[in-house]
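Visitor: I would like to learn how the words used for a protein model are tied to numbers. Could you show me the structure and then take my questions in turn?

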Amino acid sequence: MSCILHIETSTDVCSVAVSEDSQVIFQQEDHSGPNHAERLGTMVDEALSFTDNHAIPFDAVAVSCGPGSYTGLRIGVSMAKGICYGRNLKLIGVPTLELLCVPVLLRELVTNSQEPTANNQEPLLCPMIDARRMEVYAGIYDRALKPVRPVGADVVDAETYKPWLDAHPVYFFGNGAAKCMETINHPNAHLIEGIEPLAKWMQPLAERRLMNNMTEDVAYFVPFYLKDFVAKMPKKLI
């Protein structure tokens, strides 16, 4: 199968994991942040030492690619690129909002136990990354992680997610979700607390991308915040 180093730095939590043949064999997390610049290098060194001591060759490095903290993403992507260059490895970018959905799905926290809606629609997932005030980065996915609504920067009010809430139970989670629930105020809105983007949850998404050859150009890869910014710049400024 494959051995992948996973790096996640999109929020205040810094985490590193190693997966081999669909199993996580090494993981470290630091929840005391944000202190990624101080902790990430040590955690990566320990992960590399672990695999080297067990003679396990890496196939790729996976890194959370946003949206998220500008500083955190920059540190994580820079580290991932450095390892890929130094060890001649493939680079995999894992969208942070998809990553947030993994523990929700694996723990079966989203069920059909809610009262059916008028159209008997299945639940949807809405992971949220805090962007301060009543702003979040959010996307809406079905339980197969197929996007129902593209990732966007939302200023949340009672109407923001109403078209989906009127037809589906929608589960909100991530570090931007709790502050929005009173404003959303809809009977189909459900909060799942305690969901964080962690490196140990990256394994299924990273392995699927590697298997489908969905890897990144190490030289030109940038996380979500830069792609989004450049896409909106006037052509003459690029």
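Guide: Let us begin with Trp164, whose place is in helix α4 (residues 162–165); helices here are DSSP runs of H or I with at least four residues, strands are runs of E with at least two, and both are numbered from the N terminus. This is a predicted model, in which local features need pLDDT of at least 70 and side-chain atom pairs count only at pLDDT 80 or more, while totals for chains, interfaces and linings use all residues. Residues are numbered from 1 along each chain as its sequence is written, and side-chain values use heavy atoms, with hydrogens and water left out.

Visitor: What is Trp164 in contact with, leaving aside its neighbours within four places in sequence?

Guide: Contact means heavy atoms within 4.5 Å, and on that basis the partners of Trp164 are Leu124, Ile140, Val148, Arg149 and Val170. Leu124 is 40 residues from Trp164 in sequence, yet their C-alpha atoms are 8.2 Å apart in space.

Visitor: Why does Thr11 count as buried?

Guide: Buried means under 20% relative accessible area, exposed means over 50%, and partly exposed lies in between, with a 1.4 Å probe and protein chains only. Thr11 has 8% relative accessibility, and therefore it counts as buried. This residue lies in the loop between β1 (3–8) and β2 (14–20), and beyond its neighbours within four places in sequence it is in contact with His36, Ile129, Asn175 and Pro197.

Visitor: Why is the pair of Phe26 and Phe50 called tilted?

Guide: A search of the whole structure finds three aromatic pairs. For Phe26 and Phe50 the ring centres are 5.4 Å apart and the planes stand at 40 degrees, so the pair is tilted. The rule is that rings of Phe, Tyr and Trp (its six-membered ring) pair if their centres lie within 6.5 Å, and that planes under 30 degrees apart count as stacked, over 60 as edge-to-face and the rest as tilted. The pair links distant parts of the chain, with Phe26 in strand β3 (residues 23–30) and Phe50 in helix α1 (residues 36–53), 24 residues apart.

Visitor: What makes helix α3 mostly covered?

Guide: Nine of the eleven residues of α3 (residues 96–106) are buried, including Leu97, Leu99 and Val104. The largest nonpolar core has 29 residues, and its largest share, six residues, comes from α3. A nonpolar core is a set of buried Ala, Val, Leu, Ile, Met, Phe, Trp, Tyr and Cys residues joined through side-chain atoms within 4.5 Å.

Visitor: How do you know that β7 and β8 are paired?

Guide: Two strands pair if DSSP finds at least two bridges between them. Six bridges join β7 (residues 135–141) to β8 (residues 147–155), and the two strands run antiparallel.
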